[in-house]
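Subject: Structure to look through

Hi,

Here is the structure I promised to pass on. Have a look at it first, and then read my notes below.

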Amino acid sequence: MTEREKMLAGILYDTSDPELVSLRNIAWDSSEAFNRTLESQTEERRRILGGLLGSLGEGTEIYPTVKFDYGCNTYIGKYCYVNFNAIFLDCAEIRLGDNVFVGPNTSFLTPIHPLLARERNIRIAPDGHTYMLETCRPIMVESNVWLGGSVTVMPGVTIGHDTVIGAGSVVTKDIPSGVVAVGNPCRVLRKITEEDSLIHG
């Protein structure tokens, strides 16, 4: 298996692999180019992200600054809204459904570093270059989810459709559909019901 195949399979891989380094450089350069665009350059923004991401749905808006580790492993649906300062560490796949609202300073983190220091620490290869080993788990955010500001979504998490995650939450485990969930670690507070409607009459 290549190191990229290992990464996507969720097993330990060498982050210094030349193919992975090249993909990260492309993603970082593309993120930087996107972040330098003006508000009026909507077509240029879409061109950059369309060439980088695994998929980008129609009507989706993403605002600078944004950072992608690979970009090609991020799949974003239709009519999503991603506010300022989003981070997508997409070593594993990150998938957002349709109509997902992402508050500012939100992070999607798929990498997992070993807990044992001897496995986590920087290593030196026989040729003298340094590297480390890590693994990763995918993140899935289903359609019609709202993530408040400064939410952190951890590796392997699925957030069910029509759910709201409160600002500042750290989502460490799966969250079901149709609920309000908050906290660190994030826990279900209650179901969302028609009594939550702000439109009356």
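Which residue in E22 is the bridge partner of Val-179? That would be Lys-191. Before going further, a word on what you are looking at: this is a predicted model, where local features need pLDDT of at least 70, side-chain atom pairs count only at pLDDT 80 or more, and totals for chains, interfaces and linings use all residues. Residues are numbered from 1 along each chain as its sequence is written, and side-chain values use heavy atoms, with hydrogens and water left out.

**The hairpin**

E21 and E22 run antiparallel and are joined by 4 bridges. Two strands pair if DSSP finds at least two bridges between them. There are 4 residues between the strands of this hairpin, and Gly-183 there takes a positive phi near 110 degrees. In the loop between strand E21 (179-182) and strand E22 (187-191) you will also find Pro-185, and the peptide bond leading from Asn-184 to Pro-185 is cis, with omega near 0 degrees. (Buried means under 20% relative accessible area, exposed over 50%, and partly exposed in between, using a 1.4 Å probe and protein chains only.)

**The parallel sheet**

Next, find the open sheet made of 5 strands, in the order E2-E5-E8-E15-E18, with parallel pairing. Strand E2 (55-56) and strand E18 (158-159) stand at the edges with a single partner strand each, so one side of each has no neighbour in the sheet. Further in, strand E5 (residues 74-76) and strand E8 (residues 94-96) run parallel and are joined by 3 bridges. Thr-74 stands opposite Ile-94 in E8.

A bit of background: most residues other than glycine have a negative phi, and most peptide bonds are trans. Tyr-79 is not a glycine, yet its phi is positive, at about 55 degrees. You can find Tyr-79 in the loop between E5 and E6, and at 43% relative accessibility it counts as partly exposed. Asn-99 also has a positive phi of about 55 degrees without being a glycine. Asn-99 is placed in the loop between E8 and E9, and counts as partly exposed at 35% relative accessibility. There is a cis peptide bond from Pro-64 to Thr-65 too, with omega near -10 degrees. Thr-65 belongs to the loop between strand E3 (61-62) and strand E4 (66-68).

**Rings and charges**

How many aromatic pairs does a search of the whole structure find? It finds 5. Rings of Phe, Tyr and Trp (its six-membered ring) pair if their centres lie within 6.5 Å; planes under 30 degrees apart count as stacked, over 60 as edge-to-face and the rest as tilted. One of the pairs is Tyr-81 with Phe-101, which is tilted, at 6.2 Å centre to centre and 55 degrees between the planes. This pair links distant parts of the chain, 20 residues apart: Tyr-81 is in strand E6 (residues 81-82) and Phe-101 in strand E9 (residues 101-102). Tyr-81 is partly exposed at 29% relative accessible area, and Phe-101 is partly exposed at 42%. Ring pairs also link Tyr-63, Tyr-81, Phe-84 and Phe-101 into a cluster.

Now for charges over rings, which count if NZ of Lys or CZ of Arg is within 6 Å of the ring centre and within 35 degrees of the ring normal. Arg-95 lies over the face of Tyr-75, at 3.9 Å from the ring centre. The charged end of Arg-45 sits over the ring of Phe-34, 5.7 Å from its centre.

**Two helices**

Last stop: helix H2 (residues 18-35) packs with helix H3 (residues 42-52) at an angle of about 165 degrees, their axes 9 Å apart. (Axes are lines fitted to C-alpha atoms, for helices over the stretch in contact, and angles run from 0 to 180 degrees between N-to-C directions.) That makes H2 roughly antiparallel to H3; angles under 35 degrees count as roughly parallel, over 145 as roughly antiparallel, 65 to 115 as roughly perpendicular and the rest as oblique.

Cheers
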